[in-house]
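Please keep the sequence and the three-dimensional view at hand while working through the points.

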Amino acid sequence: MSEQHEQPLDPQFPLHDDSLVVQGAPARHNEYGAIMAPIFLSTTYRLEDINTAGPYEYIRTENPTRQKAEQVVARIDHARYALGFSSGMAAIATTFEHFHPGDHIISSANIYGGTYRFFLDILGPRQVDYDFVTDLSTLSDADFKSNTKAVYLETPANPTLRVYDIAKIAKLAHKHGALLIVDNTFLTGYLQKPLSLGADVVVYSATKFYGGHADLCAGFITLNDKALHDELFFYQNTLGATISPFDSYTLLRGVRTLSVRLDRQIENVKAVIPALEKHPAVQQVLYPGWYSPEEAAIQKKQAKGPGAVISFSVKPGVDLGVFFEKLQMVDLAVSLGGVESLVCRPTTMTHAPYPKDKLEEIGVHDNLVRFAVGIENKDDIIHDISQALTLAQNSDVVLDKKVDIQ
Ligand SMILES: *Cc1c(COP(=O)(O)O)cnc(C)c1O
């Protein structure tokens with residue numbers, strides 16, 4: 001494997017996070033002095049002679065544009081390594097190649113619907129044993145078995161925004177010889193660095209905040225351990241779900257504004273939460289730290305900000321069909337992390353793979369709306385959501401057309 005896969009930070013010149021997102025993978029040292037990394041579409045590279053390959057051989061194994069994308073994502077996480085994939089699910093699926101029949105994994109029950117489905121329909125039939133823990137803050141020695149190989153979690157969790165203590169859970173996992181894997185999609189390395197808190201592997205859907213413009217599908221793994229990196233690099237190359245050169249380029253463009261986007265989104269979130277809490281149609285607003293003062297303290301300790309995804313439940317009698325129909329600017333769509341504000345209903349959309357009773361168990365009901373807050377003017381966002389909620393409260397409203405939110 002080529003040396004170029006190692007991306008140590010230069011300790012002589014540490015950059016702040018808002019510099020790293022812009023300068024984490026400078027395109028210097030290319031032939032023309034281009035400031036933006038070129039897109040290398042070539043699938044194959046000439047050998048120097050019959051016994052000597054150059055730095056690149058074949059697109060699936062190594063690609064210069066992909067390496068730039070991997071480098072910036074690694075640096076933002078203060079990680080030694082990053083591996084780029086064609087989607088967040090590809091990054092997650094490739095991570096789970098590490099586990100074998102007879103292994104046991106503890107997972108938070110409160111995770112992305114597609115990851116939940118992966119446990120149910122892929123790991124289960126492969127005889128990788130797992131337990132879903134409804135509230136990971138209660139995780140204790142008793143939950144670990146002699147064959148427990150990993151703990152898997154998201155914090156803040158999707159879509160309940162529950163917060164779990166990464167450092168504490170990492171310690172507990174390590175005591176039992178298990179890895180801690182964290183899906184850090186909701187905050188990104190700009191706001192939370194799980195590896196620095198003790199996690200062993202971090203996975204991302206870069207389709208969300210890293211790309212930031214709802215126009216690319218990609219995923220990443222970041223980690224520090226060389227042996228585990230070499231193993232996952234082998235699976236990346238062998239299974240082949242790698243990020244394309246074009247998506248790598250789009251990511252490199254998007255990630256440059258990660259800090260300004262998130263700073264603005266957080267400013268908007270901080271205005272939207274009190275506006276929602278005041279609205280008579282709203283029952284409860286969920287954001288990192290809503291659950292308890294303890295979780296608020298953990299969030300403050302381990303992350304630089306709340307991120308840009310919140311949820312809210314509506315009171316009985318409020319018609320969500322009308323709410324979604326009457327929105328003028330904010331769109332009804334899955335996904336998050338783009339510049340535009342989006343709302344969705346997890347039970348019938350992102351979390352449809354869950355059995356209904358499991359969703360009830362983690363507190364996700366049909367009256368819950370997930371809200372990915374964008375970078376628009378905050379007054380426009382608040383005005384749009386408020387007027388649609390007011391109409392949804394009034395049962396006399398007749399819809400222009402039937403809304404099917406499946
Ligand atoms: C979207 C998402 C994923 C899956 O990523 P894709 O890029 O859609 O494959 C995984 N985890 C979380 C938290 C997500 O939001």
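Ala227 is exposed, with a relative accessible area of 56%; buried means under 20% relative accessible area, exposed over 50%, and partly exposed in between (1.4 Å probe, protein chains only). The model is predicted, so local features need pLDDT of at least 70 and side-chain atom pairs count only at pLDDT 80 or more, while totals for chains, interfaces and linings use all residues. Residues are numbered from 1 along each chain as its sequence is written, and side-chain values use heavy atoms, with hydrogens and water left out.

**An exposed residue and a buried one**

- Ala227 has its place in helix 7 (residues 226–239); helices (H or I, at least four residues) and strands (E, at least two) are DSSP runs, numbered from the N terminus.
- Ala227 and Gln23 are 204 residues apart in sequence, and their C-alpha atoms are 28 Å apart in space.
- Val282, by contrast, counts as buried because its relative accessibility is 5%.
- Val282 belongs to strand 8 (residues 282–286).
- Leaving aside residues up to four places away in sequence, Val282 touches Leu276, Phe312, Ser313, Val314, Lys315 and Leu389; contact means heavy atoms within 4.5 Å.
- Although Val282 and Lys315 are 33 residues apart along the chain, 5.7 Å separates their C-alpha atoms.

**The surroundings of the ligand**

- The residues around the ligand are Ser87, Gly88, Met89, Ile92, Tyr112, Glu154, Asp183, Thr185, Ser205, Thr207, Lys208 and Ala218; a residue is near a molecule or strand if one of its heavy atoms lies within 4 Å of it.
- This shell divides into 4 nonpolar, 5 polar and 3 charged residues; Ala, Val, Leu, Ile, Met, Phe, Trp, Tyr, Cys and Pro count as nonpolar, Asp, Glu, Lys and Arg as charged, and the others, Gly among them, as polar.
- Helix 3 (residues 88–95) contributes the most to the shell, with 3 residues.
- A polar backbone atom of Met89 is 2.8 Å from an oxygen atom of the ligand.
- An N or O atom in the side chain of Ser205 is also 2.8 Å from an oxygen atom of the ligand.
- For Lys208, a polar side-chain atom lies 2.7 Å from an oxygen atom of the ligand. A polar contact is a pair of N or O atoms within 3.5 Å; within protein, one must be able to donate a hydrogen and the other to accept it, and residues adjacent in sequence count only if both atoms are side-chain atoms.

**Helix 2 and its ends**

- Helix 2 has 13 residues and reaches 19 Å from its first C-alpha to its last, close to the 18 Å expected at 1.5 Å a residue; the expected span is 1.5 Å times one less than the number of residues.
- Since 12 of the 13 residues of helix 2 are buried, this helix is largely enclosed by the rest of the structure.
- Arg66 is found in helix 2 (residues 64–76) and is buried, with a relative accessible area of 0%.
- The side chain of Arg66 reaches the backbone oxygen of Arg60 at 2.9 Å.
- Asn63 caps the N-terminal end of helix 2, with a side-chain oxygen 2.9 Å from the backbone nitrogen of Thr65.
- His78 follows helix 2 and lies in the loop between helix 2 and strand 1 (81–85).
- Although His78 is not a glycine, its phi is positive, at about 55 degrees.

**Helices 8 and 9**

- In helix 8 (residues 245–255), the buried residues are Pro245, Ser248, Thr250, Leu251, Leu252, Gly254 and Val255.
- The cover over these buried residues of helix 8 includes helix 1 (17–23), helix 2, strand 7 (219–223) and helix 9.
- Helix 9 (residues 258–278) has 21 residues and spans 30 Å from its first C-alpha to its last, close to the 30 Å expected at 1.5 Å a residue.
- The buried residues of helix 9 include Leu262, Ile266, Val269 and Leu276.

**Backbone features in loops**

- Thr155 and Pro156 are joined by a cis peptide bond, with omega about -5 degrees.
- Another cis peptide bond joins Asn158 and Pro159, with omega about 5 degrees.
- Pro156 lies in the loop between strand 4 (148–154) and helix 5 (166–175), and Pro159 lies in the loop between strand 4 and helix 5.
- Ser335, in the loop between strand 10 (331–332) and strand 11 (342–344), has a positive phi of about 80 degrees although it is not a glycine.
- With a relative accessible area of 27%, Ser335 is partly exposed.
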